[in-house]
Amino acid sequence: MKVTVVGAGNVGATCADVLATREIANEIVLVDIKEGIAEGKALDIWQKAPIIGYDSRTIGVTNDYSRTADSDVVVITSGLPRKPGMSRDDLISVNAGIVKSVTEQVVKYSPNAIIIVVSNPLDVMTYQAHLTSGMDRMKVFGMAGILDTARYRAFLAEALNVSPKDIQAVLMGGHGDTMVPLPRYTTVGGIPVTELIEKDKLDAIVQRTAVGGGELVKLMGTSAWYAPGAAAAQMVEAIVRDQRRVFPVCVELKGEYGIDGVYLGAPVILGKNGIERIIELQLNDEEKALLETSRGHVKEVMDALDKMGQAQPASA
């Protein structure tokens, strides 16, 4: 198996490191536009192999997509990181251009690859990559839900003083402040979370999750990378090993949940073919209203991209 990670910044390098450490692919190619960055980080990861004990080979290249040829999975992390005071939507114009260019190169050399988008603003960059690639929606999708649920589960584990391993959760909607956590579908060792924590504390955790990315930007002055990189790697693992894991991912909805043509987080089964199936939950009225709010927000940003004239297929 061969996996390419485009963008050797903090998120991309972390993703490549997790892929190598867990021996998820035989070969991992790290690509970046900055001379020497991908080569250096890939070499550093490879030199760690004798210490940790893994066989996955990491290779770094500068803007040479021919070295990525015949990749089974490609993770796109390229783009500018978010800075303090900057919303994800502020990144739209410049990152859309980057993602479009990268996707064209990826499809040229690996036409059968499954593409995972991590670049922000996530939902709209997934739209850009999907449109540019011309591929089936089940093979081009975004990483957001795994990261968001991880934050949610981490906060719950801390509040309940339990292992995060025992917490299962689902979130839907856009990646950002309008995400839709679903406490009704959250369990701790099979026990509904609502039986273990007071409503006001749970509501506070849900709110903290919704602004989880912003909290880290305020603390560090840049976006997170350990959890996002690991989340992308977990998606790659589910595909490469055909695990058929149930994860929330960003995908174009075509009638599911009564939504058409908008890219939102929804639970799916992830396996060797990419998204094997989109799961439709029976949402209550409150959850539907929250999802509709999130849909409206994402659609506004998609429309903004359309007006810029950048959301065009590669052949346009």
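Start by selecting Asn120, in the loop between strand E5 (114-117) and helix H4 (122-133). Keep in mind that the model is predicted. Asn120 counts as buried, with 18% relative accessibility, because buried means under 20% relative accessible area.

The UniProt annotation "binding site", from an unreviewed entry, covers Gly7, Ala8, Gly9, Asn10, Val11, Gly12, Asp32, Asn95, Val118, Ser119 and Asn120. From this set, the lining of the largest pocket takes in Gly7, Ala8, Gly9, Asn10, Val11, Gly12, Asp32, Asn95, Val118, Ser119 and Asn120.

From that group, pick Gly7. Its place is the loop between strand E1 (2-6) and helix H1 (10-21). Gly7 is buried, at a relative accessible area of 7%. Show what surrounds Gly7: leaving aside neighbours within four places in sequence, Gly7 is in contact with Gly12, Ala13, Leu30, Val31, Asp32, Thr77 and Ser78. Gly12 and Asp32 also belong to the "binding site" set in the UniProt annotation.

Then select Ile116. Not counting residues up to four places away in sequence, Ile116 touches Val73, Val74, Val75, Ile76, Phe141, Met143, Ala232, Met235, Val236 and Ile239.

For the next stop, display strands E7, E10 and E11. They form an open sheet of three strands in the order E7-E10-E11, with antiparallel pairing. Strand E7 (167-168) and strand E11 (191-192) are the edge strands, each pairing on one side only. Strand E10 (residues 187-188) pairs with E11 in the antiparallel sense over two bridges. Zoom in on Thr187, which stands opposite Pro192 in E11.

The last stop is a pair of cysteines. Select Cys15 and Cys250. How many disulfides does the count come to? The count comes to zero disulfides. Cys15 is in no disulfide, and the nearest cysteine sulfur, that of Cys250, is 17 Å away. A disulfide needs the two sulfur atoms within 2.5 Å. Cys15 is buried, with a relative accessible area of 0%. Cys250 is likewise in no disulfide, and at 1% relative accessibility Cys250 counts as buried.

Key. Residues are numbered from 1 along each chain as its sequence is written. This is a predicted model: local features need pLDDT of at least 70, side-chain atom pairs count only at pLDDT 80 or more; totals for chains, interfaces and linings use all residues. Side-chain values use heavy atoms; hydrogens and water are left out. UniProt positions are given in the numbering used here, feature names are shortened, and annotations may be inferred rather than shown by experiment. On a 1 Å grid over the protein atoms alone, a cavity is a set of points where a 1.4 Å probe fits but cannot get out, and a pocket is an open set with protein on both sides within 12 Å along at least five of seven lines; lining residues have an atom within 4 Å of a point. Helices (H or I, at least four residues) and strands (E, at least two) are DSSP runs, numbered from the N terminus. Buried means under 20% relative accessible area, exposed over 50%, partly exposed in between (1.4 Å probe, protein chains only). Contact means heavy atoms within 4.5 Å. Two strands pair if DSSP finds at least two bridges between them.
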